[in-house]
Amino acid sequence: ASSKIPPGARALSFDLHIDSGWVFNLPGAQAGVITPLGGSVTAPVTHHVAASAGATFWATRLLGGYFDFVAIDGGHATASFAGVTSDVTGTFTGYYSGIQLQLPQGWVRPYLDLGGGAFHISASGSTFGIPVEGSASFASVRVGGGVRFMVTKRWGVKFSAEAYNVRTNPVKTFPRIGVGWFFQTKPSGIGR
């Protein structure tokens, strides 16, 4: 009889997740020095490792509110000329909240989400051996979706794809793909 219990998130429960991923088309750390002919700049890496963790509270089996934290390795860049070296390491972090919709029945649970938050850019390094640091925060919108695969009545694996729009000048838009693990606080079953 237990095998006939429909899996999926139940109302008034949480899904907790942690995953790893990659972002693309996001310029990372850039370093430069002034030369007699202008500047010398390294080409930035545009794809980076991007981990995330978060939670969704399901008000109903179909609709929930989520909070998510994403951390992106911005890479490392070095530029040098005539004994002058500039060395920079970048980091990106984002905090997002919004709504999530899902198909709750079955072992496979597709979902969509839409939210907003803050995207933080920070860089640290040195020029002429002098430490340099800087940071800034920007408003951001995230839209995405994915699919959860139940492995047991409480946990499973997930795949996701998201697009981030960050209100820098100029505006940056970049995608992220992820794969991870989730746990639901109520086991799959009939009823709320």
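Which side chain makes a polar contact with the side chain of Gln102? That of Arg109, at 3.1 Å. A polar contact is a pair of N or O atoms within 3.5 Å; within protein, one must be able to donate a hydrogen and the other to accept it, and residues adjacent in sequence count only if both atoms are side-chain atoms.

1. Basis. This is a predicted model: local features need pLDDT of at least 70, side-chain atom pairs count only at pLDDT 80 or more, and totals for chains, interfaces and linings use all residues. Residues are numbered from 1 along each chain as its sequence is written, and side-chain values use heavy atoms, with hydrogens and water left out.

2. Overall make-up. The protein chain has ten strands and zero helices. Helices (H or I, at least four residues) and strands (E, at least two) are DSSP runs, numbered from the N terminus. Of its 192 residues, 36% count as buried. Buried means under 20% relative accessible area, exposed over 50%, partly exposed in between (1.4 Å probe, protein chains only).

3. Gln102. This residue is found in strand 6 (residues 84–102). Gln102 is buried, because its relative accessible area is 4%. Leaving aside residues up to four places away in sequence, Gln102 touches Ala9, Trp58, Arg61, Leu62, Arg109, Pro110, Tyr111 and Arg148. Contact here means heavy atoms within 4.5 Å.

4. Strand pairing. Strand 1 and strand 10 run antiparallel, joined by nine bridges. Trp22 stands opposite Ile177 in strand 10. Strand 9 also pairs with strand 10 in the antiparallel sense, over twelve bridges. Two strands pair if DSSP finds at least two bridges between them. Trp155 stands opposite Phe183 in strand 10. A hairpin of five residues joins strand 9 to strand 10.

5. Nonpolar patch. About 950 Å² of surface forms a nonpolar patch, with Trp22, Trp155 and Ile177 among its residues. Patches are made of residues with over 30% relative accessible area and no salt bridge: like charges are joined within 9 Å, nonpolar side chains (Val, Leu, Ile, Met, Phe, Trp, Tyr) within 5 Å. A salt bridge is a side-chain nitrogen of Lys or Arg within 4 Å of a carboxyl oxygen of Asp or Glu. Strand 1 (13–23), strand 9 (155–166) and strand 10 (172–184) each supply at least two residues of the patch.

6. Val49. Val49 is also part of the nonpolar patch. Its place is in strand 4 (residues 48–58). Val49 counts as partly exposed because its relative accessibility is 46%.

Definitions and conventions:
Accessible areas come from the Shrake-Rupley method with a 1.4 Å probe; for residues, only the protein chains shown count as cover.
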